[in-house]
Each structure stands twice: as structure tokens, then as C-alpha cells.
Amino acid sequence: MKITSIRSHVLQYGLAEELGYSQQYYLKRTTHLVEISTDEGLTGWGECFGGGDIAFANKAIVERVIQPMVLGMDPLAREVIWHKVYNLLRDHGQKGMPLQALSGVDIALWDLAGKVHGVPLYRLLGGAFRERIPVYGYGMMLQRVPDLKERFAADSAAIRDAGYRAMKMKIGIDPKTDVELVETVRNAIGDETGLMVDANHAYTAREAIPLGRELERLGVAWFEEPVAPEDRQGYRDLCTALDMPIAGGEGEFTRWGFRDLIRERCVDVLQPEVCGLGGITEYLKVRTLAEAHFLPIVNHVWGSAVAVATNMHLLAALPDLPGSAHPVQPMLEYDTTPNRFREELLTEPLRVGEQVKESGGTVALPGGPGLGVEPDPDFLKSFEVS
């Protein structure tokens with residue numbers, strides 16, 4: 001079997017309401033899917049992390065740079081392909097967009113492998129440690145509305161009432177406003193629902209430490225990306241100063257980047273982004289590093305239903321850490337804001353929200369070969385912009 005083509009599908013549509021985080025606001029939802037075709041008629045699907053105009057740049061890397069390198073190669077030779085592409089790109093990008101582009105290609109190769117062998121991805125990864133995965137709801141995006149506290153109170157209560165036992169909110173406006181928003185959400189959902197916050201590296205360590213003490217008072221379960229991903233010393237200072245776990249890693253790439261992040265004990269919860277760090281092939285190496293240092297993993301998940309399905313398999317195949325009769329289960333991050341690329345993209349939807357409501361907070365694994373999902377070709381045609 002040989003690879004005959006690699007095609008990017010950049011999908012986009014306008015949002016009814018502007019959404020944002022500490023770095024920007026946006027009015028369009030964008031996703032970037034990768035389709036690999038073979039001479040035996042099998043097709044694999046992957047996804048590249050990076051929305052907005054980043055998706056168009058990644059498309060050029062996938063089709064103009066990576067595709068010529070791997071045409072005619074055996075799609076089951078994932079390690080060979082990964083190292084060939086990385087070695088030829090390392091002088092031009094050891095982090096960032098080249099790795100995001102390679103991630104989508106690599107995920108599609110794993111999807112293909114599952115279809116070749118007729119087994120779900122989690123079986124290729126060694127089997128499932130759990131048949132159902134706990135899900136936490138991600139919502140409360142920043143918005144330029146007259147009363148953001150009122151909006152966050154309503155959104156958080158709706159997430160709780162939808163069956164999620166834990167949720168995550170955006171912060172990163174300024175410390176005083178952040179504390180007010182977190183207090184509002186905590187009052188709206190009560191003390192029994194888990195609450196995490198994500199600052200998207202809005203602060204310096206000197207700003208984030210006193211803010212973190214206020215978040216601890218409010219029972220926040222983790223403080224995500226408090227400082228810039230390059231600020232390793234800032235991360236270490238936060239881990240030392242606060243009892244609350246510090247989470248991060250979505251902005252890191254490859255085993256080499258994660259090696260230093262983990263070795264220097266910069267985070268208490270590691271959040272690898274499989275659609276950005278180098279794909280599943282590289283994720284498995286990062287997972288091994290984390291396990292060797294007894295560092296818990298909660299994957300970063302942001303994108304379409306393809307990214308969600310990929311992470312469901314990865315979390316199912318993630319060993320308990322540490323092993324025990326009553327281990328803490330890894331959670332699936334699930335964005336609860338409206339997203340047609342999550343809810344309408346597939347021929348058979350994942351129904352995450354419905355499953356959470358029915359089960360009290362968990363979701364079952366996809367059962368088909370590979371990722372177990374297939375994009376609807378008519379939907380792709382309707383929303384493809386490049």
C-alpha cells in the first residue's frame with residue numbers, strides 16, 4: 001500500500017456571537033482536517049491544531065512541503081515518515097506550525113492503520129484501561145458584553161445542569177476582574193462541582209502568584225497556563241508558591257520540548273495537544289516521559305469532532321497513574337460553546353453532550369476501526385473555504 005495524496009480541508013463559518021480568551025476575540029470558527037488517500041482505496045483523517053489564519057498557513061505546509069516528502073511511501077511506516085519529515089523540517093521549525101501540520105498527517109496515518117487492521121485506535125495503542133471516560137465541560141469564553149459576570153453565572157449553571165461534574169472557565173482580563181468572575185461562577189455552581197481556570201498565559205509570575213492564592217481560596221482545581229510557555233522559571237515559581245496544581249503544556253512541541261518541561265517540574269498537570277505537538281507518534285513518547293516522572297496527564301482538546309475522537313482513544317489507553325484500586329481517571333476536555341464542526345461534521349455524531357447528560361458525566365469510546373469516525377463529504381463541501 002502506498003500514499004497517493006495528502007489533502008487539507010480548511011473549514012470555516014461565522015459565529016452568531018463573538019468569543020474570546022485573554023489574547024484575542026474572534027467571530028469565525030475555523031478547523032483544519034487532513035485526508036490521506038492510498039492506492040488501495042483506504043483513507044485516513046487527522047486534524048491540525050491552529051485556528052483562524054494559522055489554518056491556511058498549515059494547509060500550505062501539509063500540501064506543499066510534507067506531501068512531496070511522503071508520496072509513494074508505506075502509510076504503515078509511521079515512525080519512518082515522522083522522522084523523515086521532522087529531520088527535513090528541523091532547520092525551519094522545531095516548534096509551531098510545521099509540527100502542527102505534521103500532527104494532522106500523523107493522526108491520519110494512525111487512523112489508516114486502524115482501518116488496515118480492522119481495530120479501533122485504542123487497541124493499536126495497547127488496549128483500553130477504561131470503557132467510559134469522564135468529561136469536563138469547557139465554557140465561559142470571554143465576551144465583550146455589558147455584564148460578563150451574569151453571562152458566566154448562567155453559562156456555568158447550564159454546564160453543571162447538563163451533567164458535567166467539572167468545568168473550566170476563561171480568565172486573563174486582570175487579577176481583580178478574574179477573581180470576581182471566579183467568585184461568581186463558584187457561587188453559581190456550588191462547592192460540589194469541580195472548577196478549573198485557564199489564563200492563556202496572560203500574566204507574569206509576579207502577577208499570577210497572588211492571583212493564584214485567591215483562586216485557591218475559591219477551591220479552583222488547577223490554574224492553567226498562568227504564564228507564557230517560554231517562562232519555565234515562572235512556572236517553577238508558581239509550583240513552589242501555590243498548593244493548587246499548575247497545568248500547562250498545550251504550547252509545547254515534541255519529546256524534546258516536553259523533556260525539559262517535565263524534567264524541570266514546571267507543571268503539576270501536563271496538557272499535551274496531540275494535534276499540535278507532533279501527532280500520536282510523538283504523543284506516545286511524551287506520555288512515556290510523563291509516566292516516568294509520575295506526572296498526571298489531562299490532554300488539551302480544542303477543535304472538531306476528529307480531535308475529540310482522537311483524544312477519546314488516547315485517554316482510554318492512558319494507564320492509571322499511579323496504579324491503585326481507586327485511581328483518579330483522566331478527563332476529556334469538551335468545549336460546550338456552539339461548534340458545528342463538533343456537532344455536525346461526522347456521518348455518525350459522537351453525541352458527547354447527550355451521553356454526558358444520560359450517564360452523569362461520562363462518554364463511551366467510538367467503536368469503529370481507526371478513529372471510528374468519518375467526516376460527512378456533503379458537510380465538508382458546504383464549509384470548506386480552502
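The following exercises, with worked solutions, concern a predicted model.

**Exercise 1.** Determine how helix 9 and helix 11 are oriented towards each other, and which residues meet.

*Solution.* 
Step 1. Helix 9 covers residues 254-263 and helix 11 covers residues 280-292; their axes lie 9 Å apart and form an angle of about 20 degrees.
Step 2. Helix 9 is therefore roughly parallel to helix 11, because angles under 35 degrees count as roughly parallel.
Step 3. From helix 9, Thr 254, Arg 255, Trp 256, Phe 258, Arg 259 and Ile 262 take part, and they meet Glu 282, Lys 285, Val 286, Leu 289 and Ala 290 of helix 11.
Step 4. Sorted by class, this contact of helix 9 with helix 11 comprises six nonpolar, four charged and one polar residues.

**Exercise 2.** Describe the largest pocket and state which element supplies the largest share of its lining.

*Solution.* 
Step 1. The largest pocket holds about 1,100 Å³ of space.
Step 2. Its lining consists of 44 residues, and Tyr 21, Gln 24, Phe 49, Gly 50 and Gly 51 lie nearest the centre.
Step 3. Elements that each give at least two lining residues include strand 1 (3-21), strand 3 (43-48) and helix 3 (97-117).
Step 4. Strand 2 supplies the largest share, with seven residues.
Step 5. The lining of the largest pocket has 18 polar, 14 charged and twelve nonpolar residues.

**Exercise 3.** Characterise the second largest pocket by volume and by the classes of its lining residues.

*Solution.* 
Step 1. The volume of the second largest pocket is about 450 Å³.
Step 2. Of its 23 lining residues, Pro 296, Val 298, Val 328, Gln 329 and Pro 330 lie nearest the centre.
Step 3. The lining of the second largest pocket has 18 nonpolar, three polar and two charged residues.

Methods. Residues numbered from 1 in each chain as written. Predicted model: local features only at pLDDT ≥ 70, side-chain atom pairs only at ≥ 80, totals over all residues. Heavy atoms only, no water. Axes fitted to C-alpha atoms, helices over the stretch in contact; angles between N-to-C directions. Helix = DSSP H or I, 4+ residues; strand = E, 2+ residues; numbered from the N terminus. Parallel < 35°, antiparallel > 145°, perpendicular 65-115°, else oblique. Contact = heavy atoms within 4.5 Å. Nonpolar A, V, L, I, M, F, W, Y, C, P; charged D, E, K, R; others polar. 1 Å grid on protein atoms, 1.4 Å probe; cavity = no way out; pocket = protein on both sides within 12 Å on 5 of 7 lines; lining within 4 Å. Points joined across faces, edges and corners; volume = space filled by probe spheres on them.
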